[in-house]
Amino acid sequence: MIKPNFKSLLLASTLILSPLANASLEDAQLAANEGRFEEALHEFNYLADRGYAPAMYELAKMYEGGFGVQRDYRKAAELYEKAVKKVHADSMFALGVLYQEGKGVKLDKEKAISLYEMASQKNHPAAQFNLGVMYAIGEGVIQDYRTALSWYQKAAANNFTLAQFNMALMYYEGLGVPKNLEKSYIWNTIAEYNGNMDASHSRKLDERNMMPAEIEAAKEKADAIYAKIQAGLYAPDGRL
């Protein structure tokens, strides 16, 4: 199974305080992306001081990455924690990453899992994926492939490509589920549609052990599932 990427993601903020605050946040994000860090920091600090959780998150990312400021994981963790108290999902995930890696906070895998679970309850795909990995390898929890697969399914339904690929691997290896080459092919194909080259290679390996009619049927199922995922209509039901 591939090694998971536990680094936090630069995800779009969704909590809206007011149209003006959101517009200011977008301007600050643009400034940060263009390397105008002083301008971005000024705006993020202004909004964060007024209790705007997305700005706290963005400011924390600046400190975590050392963009325009000296890298300070402790400061980043403090800002994420403030945003978590305001029920900000991206911050739950990002703080979980810091606890998982022991950066700016004491290493605490159980705390990381708790934060990932909080974010997952808000349908955060990266948190769902990380939970899947931790259950798959037994990091901070007792190894449980079935629970891992359940989290991967949730992330895959949110079109998280790494989760789709890991699902294919679990079906191919029979980890927590009976080995199923068709399901391996289906999820490799879906991950490949999202640009995952490892999945493309694995899908070709699946084909070597499948009849042409089986490949055709599996591809039709993959296409149908992917269309539903793209439309936000796919919900895992345990059958695929």
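Modeller: Before we start, buried means under 20% relative accessible area, exposed over 50% and partly exposed in between, with a 1.4 Å probe and protein chains only. This is a predicted model, where local features need pLDDT of at least 70, side-chain atom pairs count only at pLDDT 80 or more, and totals for chains, interfaces and linings use all residues. Residues are numbered from 1 along each chain as its sequence is written, and side-chain values use heavy atoms, leaving out hydrogens and water.

Biologist: How far apart are the end C-alpha atoms of helix α6?

Modeller: Helices here are DSSP runs (H or I, at least four residues), numbered from the N terminus. The expected span is 1.5 Å times one less than the number of residues. For the 13 residues of α6 (109–121) that should give 18 Å, and the prediction agrees, with the ends apart by 18 Å.

Biologist: Which residue caps the N-terminal end of α6?

Modeller: Look for a side-chain oxygen by the backbone nitrogen of Glu110.

Biologist: Is Asp223 buried, partly exposed or exposed?

Modeller: Asp223 lies in helix α12 (residues 212–230). Its relative accessibility is 30%, so it counts as partly exposed.

How values were computed: Helices (H or I, at least four residues) and strands (E, at least two) are DSSP runs, numbered from the N terminus. A polar contact is a pair of N or O atoms within 3.5 Å; within protein, one must be able to donate a hydrogen and the other to accept it, and residues adjacent in sequence count only if both atoms are side-chain atoms.
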